[in-house]
Amino acid sequence: MTRYALRRVGFMIPTLIGSTFLVYLLVFLIPGDPVLALAGTKRVSPATAEAIRNQYNLNDPFVVQYVKYLGNVLHGDFGTDFNGNSVISTIGTALPYTVALALTAFALKLVIGLLLGAWAGLRPGRTADHANLAFTILFLAVPGFLVAYLVQYVLGIRLHLLPISGVRHGYPVAFVLPALVLALETASPLARLTRNSLHEVLRSDYVQTARAKGASPSRVLWRHALRNAFVPIVTYLGLSMASLLGGSVLVEYIFNLPGLGGSLAQAIQSQEGPVVVGISVFLLLFYLVSALLIDLLYPVIDPRVRHA
Amino acid sequence: MTLPLLQIRDLHIRFQKDGAQLDAISDLSLDIERGSTTVVLGESGSGKSLTAKAVMGLLPPGAEVVSGSVRFDGRELVGLADRELRRLRGDAIAMIFQDALTALNPVTPIGNQIAEVHRIHERISKREAWSRAVASLDAVRIPDAARRAKDYPFQFSGGMRQRAMIAMAITRNPDLLIADEPTTALDVTVQAQILELLDDLRAERNLALLLITHDIGVAAQSADNAVVMYAGRLAERGTIGEILDEPAHPYTSGLLGSVPGPEHRGRDLPTIQGAPPSLDDLPGGCAFHPRCALATDVCRDRLPARTDFTTTHTTWCHHAEEALDGQPAAATV
């Protein structure tokens with residue numbers, strides 16, 4: 001068990017380093033001159049431009065830039081943006097909003113996905129099952145931003161139930177709608193998986209064995225079926241944190257939340273490499289830690305992993 | 001004369017499938033005495049497993065008993081409330097399945113799975129249930145049972161898993177043990193050990209064994225009585241000696257003829273031509289007639305009536321006398 005945990009933590013390090021490289025490379029490859037983008041319509045003297053380039057190592061070849069950056073990061077220095085603010089302080093301000101949004105959405109997603117999936121899985125071929133399928137297809141097919149605007153319009157503007165923009169109302173009120181939009185989108189595959197997994201498990205031989213032992217239907221469900229049905233679900237939950245965070249970038253933008261997503265979008269536009277990489281690293285770290293926590297549940301549920 | 005432990009009379013089970021009604025089991029009658037071993041022989045789809053599930057009250061969705069009776073220890077099981085059936089299941093009637101790997105819960109230790117049977121049927125402490133589970137594992141000859149009880153199914157070998165299944169089934173000293181192809185998933189040496197174990201347990205505990213198999217060798221090794229099923233009906237029944245030595249149904253003869261033996265060395269093994277019919281396309285008359293060498297017009301038109309040779313040996317064939325004389329009677333290659 002301890003070895004399993006250590007191995008999982010060990011995997012995080014190369015993942016983190018590899019992804020900083022990829023993100024840095026992507027920013028480097030964006031066409032255009034970041035200094036000119038920064039200046040906008042103002043004229044910049046060649047000397048000033050050169051000074052800025054030197055300050056941000058923009059004249060170095062890509063690999064040198066990257067190694068210098070990585071060296072700084074390892075010393076805890078994530079660099080500064082073009083306005084001179086440290087990337088760390090930008091992240092420090094924005095991260096709590098993103099974490100609050102992601103965790104709320106995750107909780108909502110669990111409730112919606114598991115309940116809907118279990119309901120359908122217990123009644124295959126009946127109304128609950130069809131409702132589940134309709135829900136899944138609808139929210140998988142309709143793009144998230146469309147759902148977001150619809151929810152804003154109906155629940156926010158028409159019915160005045162909840163705020164649709166900003167964080168003036170604080171947690172949880174300001175986060176309900178964005179978290180709901182995010183949860184609806186990612187609850188669909190969860191509901192589908194839960195339904196199929198439970199359906200599969202209920203037809204399995206060991207569930208038949210449990211019945212042959214004289215177990216009551218509720219014992220069969222709680223002691224035998226659900227725990228087994230959870231094995232693939234837990235695996236999926238860990239992986240799905242990525243889509244939750246990816247979706248949060250868009251949802252933060254639509255609902256005007258000052259989280260990492262907004263800062264990231266801005267930094268990509270102004271080609272501020274250190275900011276993009278810094279935020280990406282923190283999003284990734286958040287993903288890896290939450291996926292790790294979920295993965296640590298896995299051996300608790302499935303002994304085959306524990307003894308592997 | 002005492003009542004048989006299990007008495008099945010004119011059992012008729014119907015399947016609903018895509019709106020059509022299929023007769024999965026028809027006119028099935030069968031007696032099982034305490035402490036005896038009865039094998040049910042037949043190809044896949046002949047209704048062997050469904051018969052077992054009907055006795056357990058575990059028919060799959062869509063299947064239902066239309067008529068007939070299943071009496072266990074004098075008590076009618078057909079129509080019994082599920083609550084009452086659950087009291088019998090795992091307690092007085094137990095069942096083991098073909099593939100112990102899938103039939104055991106993968107995420108629960110073996111010992112807990114056996115102890116659970118006691119906790120379902122009796123108010124006893126976890127400790128007491130656990131020690132009974134270990135005793136049962138010991139009874140099925142699992143070495144170092146106390147330690148191995150903590151293992152998970154994936155840590156057991158195939159033969160040991162089937163032993164664990166048997167331990168789970170006999171742990172409450174049932175009167176009837178139904179074994180559905182218990183050795184099919186195992187290799188031959190392990191098969192023999194499992195059959196021997198089942199036979200020893202039967203003798204020690206006066207357990208009636210209903211052994212479902214398509215393996216004549218398994219039947220010959222352990223059975224007192226045999227029942228041959230074809231397309232949901234009885235083809236023949238008798239003592240194992242009568243069935244093996246004097247088969248009076250062309251299907252039985254065909255099954256016996258297709259068992260490999262030394263006399264087949266270097267030659268093609270005789271087989272029964274064709275495949276068993278599917279339930280939604282049963283031939284009229286005797287369902288075996290398209291594959292039968294003795295088939296005549298009457299076989300195509302009418303269901304065969306029963307022919308009794310002895311008080312135990314009965315066959316359902318229009319040409320029973322002929323089948324009894326001429327061997328092998330089925331169409332052979």
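Predicted model: local features only at pLDDT ≥ 70, side-chain atom pairs only at ≥ 80, totals over all residues.
## Chain A: helices throughout

Let's start with chain A, which has 13 helices and 0 strands.

The C-alpha trace of chain A spans about 85 × 55 × 30 Å along its principal axes. Of its 308 residues, 35% are buried. Of the contacts in chain A with a separation of 6 or more, 73% are between residues 24 or more positions apart.

## Chain B: helices and strands together

How does chain B compare with a compact globule? A compact globule of 333 residues would have a radius of gyration near 20 Å, and the 21 Å of chain B agrees with that. Buried residues account for 46% of the 333 residues in chain B. Among the contacts in chain B with a separation of 6 or more, 66% come from residues 24 or more positions apart.

## The sheet in chain B

In chain B, 8 strands line up as an open sheet with mixed pairing. Their order is β6-β7-β8-β3-β9-β10-β12-β11. Which strands stand at the edges? They are β6 (93–96) and β11 (306–308) of chain B; each has a single partner strand, so one side of each is left without a neighbour in the sheet. On average, neighbouring strands of this sheet are turned by 20° against each other, direction ignored.

For a parallel example, look at β3 (residues 37–41) and β9 (residues 225–230) of chain B, which are joined by 4 bridges. Here you can find V39(B) standing opposite A226(B) in β9(B).

## Where the chains meet

Now bring the two chains together: 22 residues of chain B are in contact with 18 residues of chain A. On the chain B side, the elements that give two or more residues are α2 (82–88), α3 (100–103) and α4 (110–121). Which element gives the most to this side? It is α4(B), with 4 residues.

What kinds of residues does chain B bring to this side? They divide into 12 nonpolar, 4 polar and 6 charged.

Terms used:
Residues numbered from 1 in each chain as written. Chains lettered and ligands numbered in written order. Rg over C-alpha atoms; globule rule 2.2 N^0.38 Å. Buried ≥ 20, exposed ≤ 12 C-beta atoms within 10 Å, placed from the backbone. Contact = placed C-beta atoms within 7 Å. Nonpolar A, V, L, I, M, F, W, Y, C, P; charged D, E, K, R; others polar. Pairing = 2+ DSSP bridges. Axes fitted to C-alpha atoms, helices over the stretch in contact; angles between N-to-C directions.
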